[in-house]
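The following explanation leads through selected parts of a predicted model. Please consult the sequence and the coordinates alongside the text.

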Amino acid sequence: MTTEDGTPLALQPIRAKLLAALLTAGGHGMPVGELLEAVWGEEAGPDHEATLKSTLSVLRRHLGRDRLPLGGRDGYRITLLDGDRFDLEDFRTLADEGSLLFEKGDHEQAADLLRRAISLWGAPVLADLPEESSWMRSIRHELIEERRAAQVLLFCSMLELGEHRPLVRELRRAVADDPLSEDLHVLLMKALWRSGHRIQALQHYEALAERLRADTGADPSYQLRALREEILDDQDGDARQRGRAVWAAPAQLPPDVIDFTGRTEQVRELVAFLTPAAEDSGVRIAGVSGLGGVGKSALAVHVAHRLRHLFPDGQLFIQWEGMSERPREPGDVLADVLASLGVPAASLPAAVGDRTSLLRTLLAERRVLVVLDDVSGANHVHPLLPGTPGCAVIVTSRAHLTGVPGMRRIRLHPLDGGDALSLLGEIIGSERVEAEPGAAAEVVRACDGLPLAVRIAGSRLSAHPNWGLAYFTEQLAEHALKALDAGGGIAVSASIGESYTSLSEATRRAFRVLALAGPGDFPAWLPAMLLGVADADELLDELTVRSLVAPSGSDGQGRPRYRQHDLICAYAAARLVEHVGERDSGVWRLLLGWLELVGHADSYMPPPPWYPPPSPLESSVHSPARVRALIDVDPDGWFSSEIGNMLELVRLACEERRYQSAAGIGLRLESWLYRHRRYRDAEDMWRQIMRAAEEGGDPRWASEARLRMASLVGRQPGGPERALPLLNECVSVFAELVDRPRLARAYGLRSWCARAFAGTQDGDGRDYWLTAALGDARHGLEAARYGQDRYAEIGCLRAAARAAAERGDVESAAEWARDAVKRAGELAAETGQTTYEAWALTGLVDVLMAAGGYGQALDACRRAAGLVAGFGAVTRIAAVAEREGDALAGLGRDGEAAVKYAEAAALCEGDGEPSRLLVRCRAKLAAAAHAGLG
């Protein structure tokens, strides 16, 4: 029911039932008792009369008293006014006019009117009409008989018009709904016969006769038997001649989606390529490949509809079900195609090659567009290819097809964010997207750009208009595959599952374990390491060809990278959980292999201050030798390519409660993260390890992670104050554990933060924190020497020197700073590790500069510059150059100082980050240049 402007009128179920009953009862109306029974069934009683009257009163307010006059015990009725439209009356008018035209022999106009009449019926038929009373059941029966009569008359018109093939499809559906209708069976046999399917018509008769005898004990009627005899007497139905003489252009394309979104470039390319040209000497073939749910079929159908006018002899749409557990056989597919073109089963060649030849004979000299949907390989394409120019073929496949000469190949990728948002808006309404833009973006991100996923998300949101988009994103975050299941087999997981089940067992295993690779891209060698095999290139190639793994560009060394889309990765992870032993061994190989590789790469990195370098690993049995060779060539570039995977691996190890493995990898990542100022990543990494160690009841590793996290926090603005509580806890735990090397580092770092915090205080507050800083440095120095940890000793000497310098004790500061340089030099001589010597020298420079010893500071700077030049760490080189400029400026050599500041600024600019160091150097450069001019 709608208002005058066509707006649907929402009614509660009771009101809808009551209205439907009164409308179908007609002008005579219905007694009160029948109305009660129609609405409430056997439960109807006197108690419901009051509800009936109140419901009628509500309807009367909607309809007006003229349409729903007051009634009484004799009943109620609805009166239609001028201008009112009732679809049942419209149906009867159209059906009556169609019947008159049929009797006059105007079958085309009759069919048009009868189609319009039938289209007024919904599905399921009479869904809103109550069935609770005998009165309404009688009315329902009469209405269905009216519809059946109009439908039979429509089928007769189509038969007269020669629309045999589409009629076969409609009659099969009608017979399924009404299997005992003799009229429908007669029409179906005639449609089959006149379509050239003489044998099928006779087979239908035999099946019907057998069913009638089993169900009723009676034989088919005289009309059916006579028709059978007539068909038996027809012996002139040669398949090839009938197919040539009675060609009815096939129109098998599914409907185009009205909200087709994006793919503008692909549509343009396909339309241009598939448009026939007079000079064509072959068949134009286009292949569209991509993962399940990416929209291959939708694109193919959309393009096919755009091209229909260029192929007047018809369009064939052939579903191969290539990714199902039981793909169709070429012979069976050819049989169905030939049957749809009018070839009787009795005339069908037995051999696949002969069926292909017959198909090409039928298509010769014709212009037909063929769409082959969901093929699994070239063997599905070749048997269906037309043999002469003028035809065109569109192939869709999850596999990137090879072996089809001349095919134009398009690999379809997920929609970009804008197109995916547009599609979601088309489905749920742009106003909902505009109301929650952030949540809408999160929905399409979770859908990974897959049109199938976006459509399922849209259908679920449309079914639940009370759901906010933010609420739905919570479901997606918790279990995306479950949230993207529309029921009835329409689900993202079902689509992925079809591809998964079609793989060999070895490839399925590779697919599963790749879920451990994480959400980012991964290198080509990773599957072999995960599987514990020497080479997995063929498995990776099969997964890529079948669109279960996607190419993802190349790394800085020109090596290919791949990724599993998020939803595919989630599906793979769900399958991996079903194989516990496989998952455990995969995680173990992953952790050990990456640990070996990151340890090898870290051996090339200068370690950060405060901490000793991690112990070298003794074995390399789980990591590929070819990868270690790549690291030898460019360790920094290798780190840059794989850092995302390694940070994700730390997260995985923490989730798996393997925090010691996570810490082992973290220790070997820290040098590179420090070198490239990835302090936030390093802090997040150590926070995860700290929490995992705490959950595991391991205070030593929890405090080690907390200590390293504190050193990163302390580098941030306002960080020293925030780092001090963390360091207090570290000192407490390491003292209790009597772990003197770690205790020394905790004291040294706390001294460093206390001195930095003192710089924000005045008067007594500043004195208090400087005293505390010097005390911590001394305690740390004592613990480091007792624990024989030279790395911690150097750090504590440097911290003591800075604290003493801030207090104005220049002599003590210089003594401690020189002692740090001496101990670091001894360490460098023994181990070759010059990082700590350069670090100690910069500390000495700071102390000497504070004391006005600019000449000695300049000498120390130049020694440090020689060391850091070999590290390749731009920030360290720039920091030393800045200090050298400061020393030169202190000596009054402003021109030389300006050169050093310019050098430092250029290094910072080249590193691509406007850091505080860059800002300082620019300011000092301007000041030095101004002083030089003066």
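**A buried arginine, a helix and a sheet**

R512 is buried, since its relative accessible area is 1%, and the cut-off for that term is under 20%. This arginine lies in helix α23, which comprises residues 505-513. Leaving aside residues up to four places away in sequence, R512 touches Y500, E505, A572, R575, L576, H579 and E582. With E582 there is also a polar contact, formed between the two side chains at 2.8 Å.

In general, an α-helix has 3.6 residues a turn, so residues three or four places apart point the same way. After α18 comes D448, which has a positive phi near 60°.

The model also contains an open sheet of three strands, ordered β6-β8-β7 and paired antiparallel. The strands β6 (522-523) and β7 (550-554) are at the edges with a single partner strand each, so one side of each has no neighbour in the sheet. Strand β8, residues 560-563, is joined to β6 by two bridges, and these strands run antiparallel. Within this pairing, F522 stands opposite Y562 of β8.

Conventions
Residues are numbered from 1 along each chain as its sequence is written. This is a predicted model: local features need pLDDT of at least 70, side-chain atom pairs count only at pLDDT 80 or more; totals for chains, interfaces and linings use all residues. Side-chain values use heavy atoms; hydrogens and water are left out. Helices (H or I, at least four residues) and strands (E, at least two) are DSSP runs, numbered from the N terminus. Buried means under 20% relative accessible area, exposed over 50%, partly exposed in between (1.4 Å probe, protein chains only). A polar contact is a pair of N or O atoms within 3.5 Å; within protein, one must be able to donate a hydrogen and the other to accept it, and residues adjacent in sequence count only if both atoms are side-chain atoms. Contact means heavy atoms within 4.5 Å. Two strands pair if DSSP finds at least two bridges between them.
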